[in-house]
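Subject: Structure handover

Hello,

Here is the structure I promised to pass on. Please open it next to this message; my notes follow below.

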Amino acid sequence: MTATGSGRRAASGSPGFLRRSQPRHGEKAIKVLLVAASLVSVLTTVGIVIALIPPAAEFFGKVSFGDFITGTEWSPLFRPPHFGVLPLVTGTLMVTLIALLVAVPLGLGAAVYLSEYARPGVRKVFKPILEVLAGIPTVVYGFFALQAVTPLLQDIWPGGEGPQVFNALSAGFVMGIMIIPTIASLSEDAMNAVPNDLRDGAFALGSSRMQVATRVVFPAALSGIVAAIVLGVSRAVGETMIVAIAAGGRPNLSFDPLEGMQTMTAFIAAAGIGDLPTGSIGYQTIFAVGSLLFVMTLVMNLVSIRLVRRFREVYE
């Protein structure tokens with residue numbers, strides 16, 4: 001009895017897990033703030049959808065959806081109006097494809113170097129410098145494409161006939177430079193998350209550094225790399241100022257990157273600052289194109305989520 005009583009007294013007097021912890025109001029406040037931050041993004045998306053649906057529904061009540069999707073001529077503000085959105089979609093996809101051809105190789109190359117080759121001191125210096133590109137205003141990129149890249153392409157183009165003053169090539173090239181930090185930084189983070197045990201095992205088998213990077217680290221980080229590329233694609237699709245300045249404002253159903261084109265975002269920006277009466281069909285075209293752009297971005301995000309889940313590797 002004495003031993004038992006002393007044991008109980010020792011347990012009751014010992015600090016820690018046997019006593020009821022004090023309420024942690026700070027943690028509850030942080031939890032509320034995090035939930036509120038999550039709700040802000042969700043409510044913003046819901047608000048965008050609610051703002052797009054009524055004008056877009058009115059537009060499609062006047063214009064056939066089939067004509068809108070399959071039409072090859074876009075001139076909603078002229079007489080007679082034409083509402084075929086294919087020229088805008090083609091321009092958007094053309095500029096985005098050029099941007100990806102620039103950003104994906106350079107971004108992944110930078111990520112592999114920073115993750116597998118660069119020393120820690122070099123990585124600490126180079127990665128912030130690379131990410132500075134993401135902070136440059138896009139209007140600066142647009143004027144750089146128009147005033148520097150396009151004249152350079154015209155000078156060095158074989159045969160003396162280079163791109164037009166407004167063209168998709170220079171806009172896509174500069175847009176690719178803009179999204180390099182997004183792809184490189186996120187891909188490098190995904191590669192750094194790969195356990196070093198996998199690298200050590202590959203080196204122990206006699207693999208070279210390049211073989212380890214391309215055959216071990218890259219496949220193991222594939223889900224994060226896919227997410228980085230899709231995020232870069234989403235930013236390229238939604239970019240406005242570069243294409244509005246450098247690609248031109250003429251809807252053009254063409255697959256020639258040397259010609260001027262208008263993207264969906266450039267049309268929204270150009271029409272949004274014009275004198276369009278509220279409720280007119282020209283005004284409603286802004287919401288119709290915006291709805292299509294929203295759906296395209298949503299589909300890309302859903303595909304990316306599926307790919308990330310498919311290639312995701314979990315390490316313990």
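First, a term: a pocket here is an open set of grid points where a 1.4 Å probe fits, with protein on both sides within 12 Å along at least five of seven lines. Please keep in mind that this is a predicted model.

**Largest pocket**

The largest pocket holds about 210 Å³ of space. Its lining consists of T45, I48, S234, G238, G290, L293, F294, T297, L298 and N301. Three helices each supply at least two of the lining residues: α2 (25–62), α10 (222–238) and α13 (281–311). Of these, α13 gives the largest share, six residues. By class, the lining has six polar and four nonpolar residues, and no charged ones.

**Second largest pocket**

About 160 Å³ of space lies in the second largest pocket. Here the lining has 14 residues. Nearest the centre are P76, L77, F78, F267 and A271. Strand β1 (74–75) and helix α12 (264–272) each supply at least two lining residues. The largest share, three residues, comes from α12. What is the class make-up of this lining? Nine residues are nonpolar, four are polar and one is charged.

**Nonpolar core**

The largest nonpolar core has 65 residues. Which members touch the most others? They are F68, W74, V85, M175 and V289. Helix α4 (residues 86–117) provides the largest share of this core, 13 residues.

W74 deserves a look of its own. Neighbours within four places in sequence are left aside here.

**K124**

Last, a lysine in helix α5 (residues 120–132): K124. Is K124 buried or exposed? Its relative accessibility is 68%. The cut-off for exposed is over 50%, so K124 counts as exposed. K124 and L114 are 10 residues apart in sequence. In space, their C-alpha atoms are 9.2 Å apart.

Best wishes

How values were computed:
Residues are numbered from 1 along each chain as its sequence is written. This is a predicted model: local features need pLDDT of at least 70, side-chain atom pairs count only at pLDDT 80 or more; totals for chains, interfaces and linings use all residues. Side-chain values use heavy atoms; hydrogens and water are left out. Helices (H or I, at least four residues) and strands (E, at least two) are DSSP runs, numbered from the N terminus. Buried means under 20% relative accessible area, exposed over 50%, partly exposed in between (1.4 Å probe, protein chains only). On a 1 Å grid over the protein atoms alone, a cavity is a set of points where a 1.4 Å probe fits but cannot get out, and a pocket is an open set with protein on both sides within 12 Å along at least five of seven lines; lining residues have an atom within 4 Å of a point. Grid points are joined across faces, edges and corners, and a volume is the space filled by probe spheres set on the points. Ala, Val, Leu, Ile, Met, Phe, Trp, Tyr, Cys and Pro count as nonpolar, Asp, Glu, Lys and Arg as charged, and the others, Gly among them, as polar. A nonpolar core is a set of buried Ala, Val, Leu, Ile, Met, Phe, Trp, Tyr and Cys residues joined through side-chain atoms within 4.5 Å. Contact means heavy atoms within 4.5 Å.
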